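Student: I would like to learn how to read a protein structure. Could we go through one together?

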Amino acid sequence: MDRARTPWLFVSIHRPLYSTMIVPPQWVLEMRMRRTLEPLLAEHDVAVLFAGHLHTYERTCALRHGSCSETGTVHVIAGTGGAHLHTWYRWPFGGRLLNYLDGHGYGAMRVLNETLG
């Protein structure tokens with residue numbers, strides 16, 4: 001892929017690879033998905049992974065193997081569009097969580113020149 005023409009690659013999936021939810025079925029599934037998908041995200045230099053499933057908004061730093069990295073993938077959960085909110089079972093996420101919304105909302109993304117906003 002020519003990154004000079006298309007500097008970012010976005011991926012959208014249903015379930016997140018990272019979340020602050022610690023309910024065992026969700027946490028175990030995220031661990032399994034990371035083992036399978038993280039090598040592909042790194043191989044293809046994915047900039048942002050968008051997920052839903054959980055009724056919350058969360059955005060991480062750029063993650064590579066669970067740690068903040070300049071060459072990692074930002075993980076966004078955008079599931080605040082309706083239904084009941086998942087506001088329980090939270091853990092601190094070790095400084096990797098940059099933004100969290102505990103309410104209903106919607107997402108909008110702007111791509112301006114060479115930056116994301």
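Student: Does E30 count as buried or exposed, and what is its relative accessibility?

Tutor: Buried means under 20% relative accessible area, exposed over 50%, and partly exposed in between, with a 1.4 Å probe and protein chains only. At 0% relative accessibility, E30 counts as buried. Before we go on, note that this is a predicted model, where local features need pLDDT of at least 70, side-chain atom pairs count only at pLDDT 80 or more, and totals for chains, interfaces and linings use all residues. Residues are numbered from 1 along each chain as its sequence is written, and side-chain values use heavy atoms, with hydrogens and water left out.

Student: Which residues is E30 in contact with?

Tutor: Contact means heavy atoms within 4.5 Å. Leaving aside neighbours within four places in sequence, E30 is in contact with P16, L17, Y18, S19 and L54. E30 itself lies in helix 1.

Student: How many helices and strands does the protein have?

Tutor: Helices (H or I, at least four residues) and strands (E, at least two) are DSSP runs, numbered from the N terminus. Here there are one helix and eight strands, and from the N terminus on they run β-α-β-β-β-β-β-β-β.

Student: What span should helix 1 have?

Tutor: The expected span of a helix is 1.5 Å times one less than its number of residues. Helix 1 (residues 24-43) has 20 residues, so it should span 28 Å; its end C-alpha atoms are 29 Å apart, which agrees.

Student: Where does helix 1 have a kink?

Tutor: The bend at a residue is the angle between axes fitted to the seven residues ending there and the seven starting there. In helix 1, a kink of about 40 degrees lies at L37, shortly before the proline P39. Just after the helix, D45 takes a positive phi of about 50 degrees.

Student: Which residues of helix 1 are buried, and what covers them?

Tutor: The buried ones are Q26, E30, M33, R34, E38 and L41. Their cover includes strand 2 (48-51) and strand 5 (73-78).

Student: Which residues make up the largest nonpolar core?

Tutor: A nonpolar core is a set of buried Ala, Val, Leu, Ile, Met, Phe, Trp, Tyr and Cys residues joined through side-chain atoms within 4.5 Å. The largest one has nine residues: L17, Y18, M33, L41, V46, L49, A51, C61 and L63. Helix 1, strand 2 and strand 3 (57-64) are the elements that give two or more residues to this core. As for L63, its contacts beyond four places in sequence are Y18, C68, G72, T73, H75 and R96.

Student: How many aromatic pairs does a search of the whole structure find?

Tutor: Rings of Phe, Tyr and Trp (its six-membered ring) pair if their centres lie within 6.5 Å; planes under 30 degrees apart count as stacked, over 60 as edge-to-face and the rest as tilted. The search finds one pair. F10 and F50 form it, edge-to-face, with 5.9 Å centre to centre and 80 degrees between the planes. F10 lies in strand 1 (residues 10-12) and F50 in strand 2, so the pair ties together parts that are 40 residues apart in sequence. F10 is partly exposed at 31% relative accessible area, and F50 is partly exposed at 24%.

Student: What share of the protein's residues count as buried?

Tutor: Of its 117 residues, 33% count as buried.
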